[in-house]
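Hi everyone, thanks for making time.

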Amino acid sequence: MMNWCLPDMDRKTLPKLPAWWWWLAIPSACVALAAIALFFTWPVQRGFTNLRFWFWLLLLPLLASTAVMAFVLSAALQVRRQTEWRHLFIDRTYAHWQHWGRRSLRLVAFHCLTPEADVSSRTLGLEGMPPQAPSKSENIMLTVPVLIGESPLKSVIIQTLTPMHSALRALPAVEIWLYGNVDEKQAVPAIEHYWNQQLNKRINPENVYLQDKVPDATLLHAWCDEDISVPRLVIALHLLDGKSQASASCSALLFQRSSGPVIKAPPFRPVYLFRPLVTQSHDLDADFPQFLAAGQTDAKRLSHLWDAGLHSRERGALLALLDEHDVMLPAQGRHDLSLLLGPASPASFWLALCLAAQGCDLGQRGQLVAAQSEESISLVQLSTQPAAPVNMPVDTISRYPLAYLAGIVAVMLALILLPADRDTQMGMLPWLGGGLVVVAALLSFSVPLALRLWRKRLDVEWHLLEQQRHD
């Protein structure tokens, strides 16, 4: 499983090949040594026009020097390829990490219900005056049940889901993640009533997942890695009770996987919700640059920040990091829900997601949602544009030529030409040819083996670096 902060694996310097003069010095040295040996051993009476003389003086030294240079070249190329393979491993791992970081969910439909009307449009400055936090927490007006046994939450669920009616009606099935600080006997019947009366469908009770604790960004993080075959609806409901001092809200967000056919849900435009960053406050400085480096959206497209309950210290740290990494958010693009709607509730994260999605739908480019829980800080990017595809580095190292083969060919040619008897030369030819084929087969087998061993060693080094960081 990948993490946002990758280990820092060192890139080694690519070794240089032998200098150009070395390729001239080796043949010259071999010819000079052959000339010295012939000066003391070659009979003068044989003359210098004998082909054997020129064989010993030029051809054999050149073949020997070719074999030496081929083996040296192959060893040098082997070291270079090993370094290039290391760089390819780092680049491909980084590309896989980028692909992992750019995974997203598609928000098909979304709506929120708050005591304030048109919160998103007013906050974005598109119409009316921005809302201001009331002096005391506000609740959503509940309709008094008309029928005996009818859930008082019926009106809240209807008002929240009615704008999403066409999308929900077109779905053959849907899974519901429901959170509410209310009695289960009130929430579930209200949803079943909406499905029966408004959609003329029956909802499968097995597809309703009640949440004891409000879901956070870790749920979306897990969904980015799952193959969502059935669309998922999150309903986060918070009403005032004797223990809560936060303003009430009810948010509904319909998710599907980012690939595949899009559910048409006019008047909504599909919004991409990218993999969230969930980190500890003390790791924010280290993980935030990696969060931006994943390339989910262009940093210049981020125009609004929705603060769903950050503490003052973490809010200041996040704004400083945004300025440090040239994410220029305008002053009017920073929205603190506690200043707009009152104290944050456990469901404020989903409310902020819904408001940010509405901002994307209203043409306000990229949105960033920030929330904080007791354990962690969550950052989520939303945009109407999908992430750019990741360019995977091409593996050309596995197809490298075998310089060793050239050296072995030179050695075998020398062995064939050494015997004086032509019949002996012809008799050795099949054996040497067979040996050449065996050597070529061994080399072709050793190349994948070497790559596999290199990859295993790099995997171990990568794992140790990751383990060292977490320790």
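This is a predicted model: local features need pLDDT of at least 70, side-chain atom pairs count only at pLDDT 80 or more; totals for chains, interfaces and linings use all residues.

Let's start with the largest pocket, which holds about 620 Å³ of space. It is lined by 21 residues, and the closest to its centre are Val214, Pro346, Gln372, Ser373 and Glu374. Helix H11, residues 348-361, and strand S10, residues 366-372, each give at least two residues to that lining. By class, the lining of this pocket has eight nonpolar, eight polar and five charged residues.

How many cavities of 30 Å³ or more does a search of the whole structure find? There are two cavities. The largest cavity has about 80 Å³ of space, and among the residues lining it are Thr114, Ser247, Leu337 and Leu351. Helix H10, residues 337-341, and H11 are the elements that supply two or more residues to this lining. The lining of the largest cavity has six nonpolar, six polar and no charged residues.

The second largest cavity holds about 30 Å³. Its lining includes Pro115, Glu116 and Ser247, and by class it splits into four nonpolar, one polar and two charged residues.

Finally, the helix pair. The axes of H4, residues 154-161, and H6, residues 184-197, come within 9 Å and cross at roughly 50°, so H4 and H6 are oblique to each other. Their crossing is right-handed. On the H4 side, the contact is made by Lys154, Ile157, Ile158 and Leu161, and on the H6 side by Ala190, Ile191, His193, Tyr194 and Trp195. That contact has seven nonpolar residues, one polar and one charged.

Note on methods. Residues are numbered from 1 along each chain as its sequence is written. Side-chain values use heavy atoms; hydrogens and water are left out. On a 1 Å grid over the protein atoms alone, a cavity is a set of points where a 1.4 Å probe fits but cannot get out, and a pocket is an open set with protein on both sides within 12 Å along at least five of seven lines; lining residues have an atom within 4 Å of a point. Grid points are joined across faces, edges and corners, and a volume is the space filled by probe spheres set on the points. Helices (H or I, at least four residues) and strands (E, at least two) are DSSP runs, numbered from the N terminus. Ala, Val, Leu, Ile, Met, Phe, Trp, Tyr, Cys and Pro count as nonpolar, Asp, Glu, Lys and Arg as charged, and the others, Gly among them, as polar. Axes are lines fitted to C-alpha atoms, for helices over the stretch in contact, and angles run from 0 to 180 degrees between N-to-C directions. Angles under 35 degrees count as roughly parallel, over 145 as roughly antiparallel, 65 to 115 as roughly perpendicular and the rest as oblique. A crossing is left-handed if the near helix is turned anticlockwise from the far one by less than a right angle, and right-handed if clockwise. Contact means heavy atoms within 4.5 Å.
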